[in-house]
Amino acid sequence: MNTTDLRALASAFERKAARCEACMALVCPGWESMPAGFDAAVLERVGTLRDPADEDPTLAEHHPNGTHGWSAEAPIAPAFFPYNRCDVWRCRACARPFLRYTEYGGYYQDERVRELDGELLSDATP
Ligand SMILES: [Zn+2]
């Protein structure tokens with residue numbers, strides 16, 4: 001998927017929709033760890049931002065306006081980390097789109113999730 005696909009997915013979701021019991025626990029403007037005990041079956045995978053031809057996508061992040069990785073206002077730039085490792089998911093109940101990736105640390109791995117906000121999408125390239 002590319003930014004065009006993401007924009008379409010984001011605009012297909014009606015933001016003013018009534019709050020959704022199914023995915024309420026996941027709604028977060030910036031990256032968060034998946035809440036413990038969350039029923040992942042609520043989400044369906046709709047695509048990936050990973051380029052299968054690129055085995056080692058860049059670890060560079062895109063923060064032209066002084067945001068950082070956890071910022072709620074950080075751009076969603078699929079050509080940069082961590083978006084270049086994300087899969088794209090959608091709530092089965094309300095179609096709210098989410099991005100997910102797994103952060104691998106030395107001694108842990110952490111499933112992270114961020115709501116896909118079409119306003120924050122960026123076509124920037126490294
Ligand atoms: Zn939902």
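Two strands pair if DSSP finds at least two bridges between them. Strands are DSSP runs of E with at least two residues, and helices are runs of H or I with at least four; both are numbered from the N terminus. This is a predicted model: local features need pLDDT of at least 70, side-chain atom pairs count only at pLDDT 80 or more, and totals for chains, interfaces and linings use all residues. Residues are numbered from 1 along each chain as its sequence is written.

Start with the sheet. It is open, has 5 strands in the order S1-S5-S4-S3-S2, and pairs in the antiparallel sense. Its edge strands are S1 (32-33) and S2, each pairing on one side only. Strands of a sheet pair through backbone hydrogen bonds, either parallel or antiparallel.

Now follow S3 (residues 87-91). On one pairing, 5 bridges link S3 to S2 (residues 43-48), antiparallel. Here Leu43 has Cys91 of S3 as its bridge partner. S3 also runs antiparallel to S4 (residues 97-104), joined by 4 bridges. In that pairing Asp87 stands opposite Arg100, and Val88 opposite Leu99. S3 and S4 make a hairpin with 5 residues between them. In its turn, Ala95 has a positive phi of about 70 degrees.

Next, the loop between S2 and S3, where Glu61 is found. Leaving out residues up to four places away in sequence, Glu61 touches Gly69, Phe80 and Phe81. Contact means C-beta atoms, placed from the backbone, within 7 Å. Arg114 lies 53 residues from Glu61 in sequence and 15 Å away in space, C-alpha to C-alpha.

Note on methods:
Contact = placed C-beta atoms within 7 Å.
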